[in-house]
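Me: I'm new to this one and would like a close look at a single part of it. Could you pick out one residue, walk me through its surroundings, and then step back to the whole?

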Amino acid sequence: MKVLSVNAGSSSLKFTLFEMPEEKELISGVFERIGIENSFYTIKFNGEKIKKETELKDHKAAFELLVKELINNKIVESLDEIAGIGHRIVQGGSYFDKTVLATEDNISIVEKLSSLAPLHNPAAVVGLRAAQSVFPNATQTLVFDTAFHQTMEEEVYLYPVPYEWYTKYAVRRYGAHGTSHKYVSMRANEILDNDEARLITCHIGNGASISAVKGGKCVETSMGLTPNAGLMMGTRCGDIDATILPYIMEETGMSAKEMDTALNKQSGLLGISGVSSDSRDIEDGIKNGDERCILAQKMYVKRIVDFIAKYYVELGGCDAIIFTAGVGENSISTRMEVMEKLACLGVKPDEERNNVRGKEALISADNSKIPVYVIPTNEELMIATDTYNLAK
């Protein structure tokens, strides 16, 4: 069965087509600048990457071009071969704890939750509607970033604010990156041959979150009502003193929207370094002796270590620590700095093993009390797996 994983943005459409249940990736790519001038798309298959410039007036046009590419490249003979399409949805609120069929009732809930993910949920629905029109016979599913975290207890996901904010406005911790945390925790359980393993999964990219997972279920996660909670990230501040907001607004006259932009797009590594939100640029700055890059990296690592230590206590110990996502999979120095600061927990890095990028590997020493792994995430495969299980 052929299953398509889709991640639609307001002006983009990422996709990967799998042959299931073999989990064979057939083709992947992204359509960019949809509805904007100078639109283009890239596709990757058979080890080749092809870029084409073309007009993409909307997401439906992107799906129609995708069908042409699939047929022209003999990946499918007709669009009916694609039995399922899984759509990544950022915010499912407390309504969904698993992947569901894209019924009209479920889609209406996704639209209702748009206020919690204004940049993501509306775009995902646009992509879904386009897919329905181009692939009318395929089973369409909704795969939620928040679903994996719905196993958190009430005392974990509630904030110590007026209780009415929760009952009236749904203010609570939802988390994000759930599909990634689920995938790497499942893989870690396989590696450890322990379905009840206590894991700390570190999804460290431009956006970043850490989760405590026990027996395959999320116990706690660092992101909150929105993705701007927990860790310091590329451009997001993460956890800060809430009273900073009204203080700076009064001092500067900034509006709520301007403050939101500052905290989400001008903070984090970018805000401290003044150089870049990209970890690679920060590392280059450190090599050149840039003091603000050095400071940014120290703050970045400290917050990762803080959450790992917190979740170690929360879980009552730890059977493995997992690094994944862009920085987690590729930044040798960041992983090393984190592991070195966890020495009091018995973590012992292995420099040679840690010299790896983008590959699954044990990166701690044999005598490390907690094994540390790099496990590349595969959210697209997780989406395809859930969709396959529903479509079959």
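Reply: Let's begin with a cut-off: a residue counts as buried when its relative accessible area is under 20%, and as exposed when that value is over 50%, with partly exposed in between. Keep in mind that this is a predicted model.

Now to Q150. Its relative accessible area is 18%, so Q150 is buried. You'll find Q150 in a loop, the one that runs between strand β8 (139-144) and helix α4 (154-157). And what does Q150 touch, leaving aside residues up to four places away in sequence? The list is G93, S94, F96, D97, R172 and Y174.

For a contrast, look at W165, which sits in helix α5 (residues 163-169). With a relative accessible area of 41%, W165 is partly exposed.

Stepping back, the protein has 15 helices and 14 strands. Of its 392 residues, 50% are buried, Q150 being one of the buried ones. Contacts across the chain matter for the picture too: among those with a separation of 6 or more, 60% are between residues 24 or more positions apart.

As for overall dimensions, the C-alpha trace spans about 60 × 55 × 45 Å along its principal axes. The radius of gyration is 21 Å, which agrees with the value near 21 Å for a compact globule of 392 residues.

Terms used: Residues numbered from 1 in each chain as written. Predicted model: local features only at pLDDT ≥ 70, side-chain atom pairs only at ≥ 80, totals over all residues. Heavy atoms only, no water. Helix = DSSP H or I, 4+ residues; strand = E, 2+ residues; numbered from the N terminus. Buried < 20%, exposed > 50% of the residue type's maximum accessible area, 1.4 Å probe, protein only. Contact = heavy atoms within 4.5 Å. Rg over C-alpha atoms; globule rule 2.2 N^0.38 Å.
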